[in-house]
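Please look over the sequence and the structure shown here before reading on. The report that follows takes up a loop residue, a helix and a pocket in turn.

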Amino acid sequence: MTPKTFLDKQYLHFNQPSFIPTDPISVPHRFSKKQDIEIAGLFAAIFAWGNRTTIIAKANELMDKMGNQPHAFILHHSENDLRSLLDFKHRTFNATDLLYFVAFLHHHYTHYSSLEDAFQPALLNNEPTIEKGLDAFYQHFFSLEDAPARTRKHIAAPSKGSTCKRLNMYLRWMVRKDKMGVDFGLWQRISPAQLICPIDLHVARVARQMGLLKRKQTDWLAALELTEKLRSFDKTDPVKYDFALFGLGVLGDR
């Protein structure tokens, strides 16, 4: 069985609605309004390191603190509403970080109707990948005057060499379009063909074992190399194989 045939089979196995409840994508799946999905998805993705049960619980806790109407909370919160966030913490993500995220999202949604604009899709015309969009997001995110230095570690950028795993996962959720009901396909101006496969140590290990990745460091160049290989299997939707590589990586740890 060729690597492509094997990954195609695994993709179909994991890209099912049954995948949703145990994955952070379950958090934005609680919502139907576009902006609520975008905001819930961003937090769920940013929190996505460590135990998945804890990630989901913390993201849902935050949604509860926002009255389960994150877009309305972002736009119309009071000072008293913000006080309810001061005891929130997830690993190294604390109230300082959260208050800045809220301030940024308020600033953004005051000017734009969708978080897709934060990735400046106009920059991406004829671009082979989302790389420039990720760097644009980083610059836009930290454009407010009071951006805390400590919060920068929570938003990755290709220009800093990061794999951008969590943002690439978020983009997969928002951009990929199929009929399986897992990814949302909400955004129209970024193409699935431009997405980069989310890569962490687990995915990198599986990719190297399968001969899909030769680079020894797990960094942005490794993410590009893996995605280029996956693009040879499906040039219009290379990151669909994230389902297979992630699933195999997680199962391999059990």
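## A phenylalanine in a loop

In this predicted model, F88 lies in the loop that runs between α5 (79-83) and α6 (95-111). Is F88 buried or exposed? Its relative accessibility is 2%, and because buried means under 20%, F88 counts as buried.

Leaving aside its neighbours within four places in sequence, F88 is in contact with F47, K58, E61, L62, K65, F93, N94, A95 and L98. For one of these contacts, L62, the C-alpha atom is separated from that of F88 by 7.6 Å, while along the chain the two residues are 26 residues apart.

## Helix α8

The buried residues of α8 are K165, L167, N168, M169, Y170, L171, R172, W173, M174 and V175.

## The largest pocket

The largest pocket has a volume of about 530 Å³. Which elements give two or more residues to the lining of this pocket? They are α3 (52-65), α8, α9 (201-209) and α11 (242-252).

In total, 30 residues line the largest pocket, and those that lie nearest its centre are A48, G50, K165, D200 and F246. K165, named here, is also one of the buried residues of α8. By residue type, the lining of the largest pocket divides into 16 nonpolar, seven polar and seven charged residues.

Definitions and conventions. Residues numbered from 1 in each chain as written. Predicted model: local features only at pLDDT ≥ 70, side-chain atom pairs only at ≥ 80, totals over all residues. Heavy atoms only, no water. Buried < 20%, exposed > 50% of the residue type's maximum accessible area, 1.4 Å probe, protein only. Helix = DSSP H or I, 4+ residues; strand = E, 2+ residues; numbered from the N terminus. 1 Å grid on protein atoms, 1.4 Å probe; cavity = no way out; pocket = protein on both sides within 12 Å on 5 of 7 lines; lining within 4 Å. Points joined across faces, edges and corners; volume = space filled by probe spheres on them. Nonpolar A, V, L, I, M, F, W, Y, C, P; charged D, E, K, R; others polar. Contact = heavy atoms within 4.5 Å.
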